[in-house]
Amino acid sequence: MKISSPGSEQVKAKRSSILGKLQISWRTNLGEPGRLQTQQILGNPSSCKEIELQVLGIPSLIILDKPFSVHLNLTNHTDSELGPFEVWLSKNSAHEKFVMFNGLQTMALPAVEAFGSTDFHLNVVATKLGVQRISGLIVFDTKEKKTFEPLADVEIFVESD
């Protein structure tokens with residue numbers, strides 16, 4: 001962001017990570033003031049995600065090789081419409097995937113209005129017993145050609161019939 005005023009050169013404004021100072025003041029039994037002040041407290045600047053993908057529901061019973069539905073929500077945190085989107089499971093992973101799409105490998109979602117959200121269901125199938133992960137779920141804005149941060153891994157327990 002650039003700030004300028006007539007007759008002066010342009011100055012860049014930087015996002016500060018300084019949160020401020022903490023000051024503690026007190027009075028002793030005799031009424032003498034006391035004060036303690038810290039140095040500047042630094043914090044990480046928070047960055048708001050444009051798009052947030054979150055899991056709303058997963059079935060409590062997941063059976064091996066039987067399709068199940070994961071209820072998801074896609075929220076737009078910006079003041080403008082975003083999308084349309086495509087959602088898919090990434091094939092790039094450090095470990096083998098045992099939860100995959102059931103049906104089409106890419107799901108199309110409509111545009112999401114400013115500060116709006118949309119719920120959708122993803123049909124998946126687990127191919128190995130025990131604790132498994134739904135990981136690498138990617139959201140891609142087809143209009144802006146932009147990939148958003150993937151959904152955090154979600155653990156599920158897969159049982160046999």
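This is a predicted model: local features need pLDDT of at least 70, side-chain atom pairs count only at pLDDT 80 or more; totals for chains, interfaces and linings use all residues.
Analyst: A residue is called exposed when its relative accessible area is over 50%, buried when that area is under 20%, and partly exposed in between.

User: Is D65 buried or exposed?

Analyst: D65 has a relative accessible area of 51%, and because the cut-off for exposed is over 50%, it counts as exposed. As for its place in the chain, D65 belongs to the loop between β8 (62-63) and β9.

User: Where does K145 lie, and what is its phi?

Analyst: K145 sits in the loop between β15 (137-141) and β16 (146-148), and although K145 is not a glycine, its phi is positive at about 55 degrees. Its relative accessible area is 60%, so K145 is exposed by the cut-off of over 50%.

User: Which residue is joined to P84 by a cis peptide bond?

Analyst: The partner is G83, and the omega of this cis bond is about 10 degrees. To find it in the model, look at the loop between β9 (68-76) and β10 (85-89), where P84 has its place.

User: How should I read the sheet that contains β10, and in what order do its strands come?

Analyst: A sheet is read by following which strand pairs with which, where two strands pair if at least two bridges are found between them. Here 4 strands form an open sheet in the order β12-β10-β15-β16, with antiparallel pairing. The edges are β12 (106-109) and β16, each of which pairs on one side only. Within this sheet, neighbouring strands are turned against each other by 25 degrees on average, with direction ignored.

User: How many bridges join β10 to β15?

Analyst: There are 5 bridges between β10 and β15, and these strands run antiparallel.

User: Which residues form a nonpolar patch on the surface?

Analyst: The patch consists of L19, L22, I24, W26, L36 and I41, which together have about 590 Å² of accessible area. One of its members, W26, lies in strand β4 (residues 23-27).

User: Why does W26 count as partly exposed?

Analyst: The relative accessibility of W26 is 41%, and because this falls between the cut-offs of 20% and 50%, W26 is classed as partly exposed.

Technical notes. Residues are numbered from 1 along each chain as its sequence is written. Side-chain values use heavy atoms; hydrogens and water are left out. Patches are made of residues with over 30% relative accessible area and no salt bridge: like charges are joined within 9 Å, nonpolar side chains (Val, Leu, Ile, Met, Phe, Trp, Tyr) within 5 Å. Accessible areas come from the Shrake-Rupley method with a 1.4 Å probe; for residues, only the protein chains shown count as cover. A salt bridge is a side-chain nitrogen of Lys or Arg within 4 Å of a carboxyl oxygen of Asp or Glu. Helices (H or I, at least four residues) and strands (E, at least two) are DSSP runs, numbered from the N terminus. Buried means under 20% relative accessible area, exposed over 50%, partly exposed in between (1.4 Å probe, protein chains only). Axes are lines fitted to C-alpha atoms, for helices over the stretch in contact, and angles run from 0 to 180 degrees between N-to-C directions.
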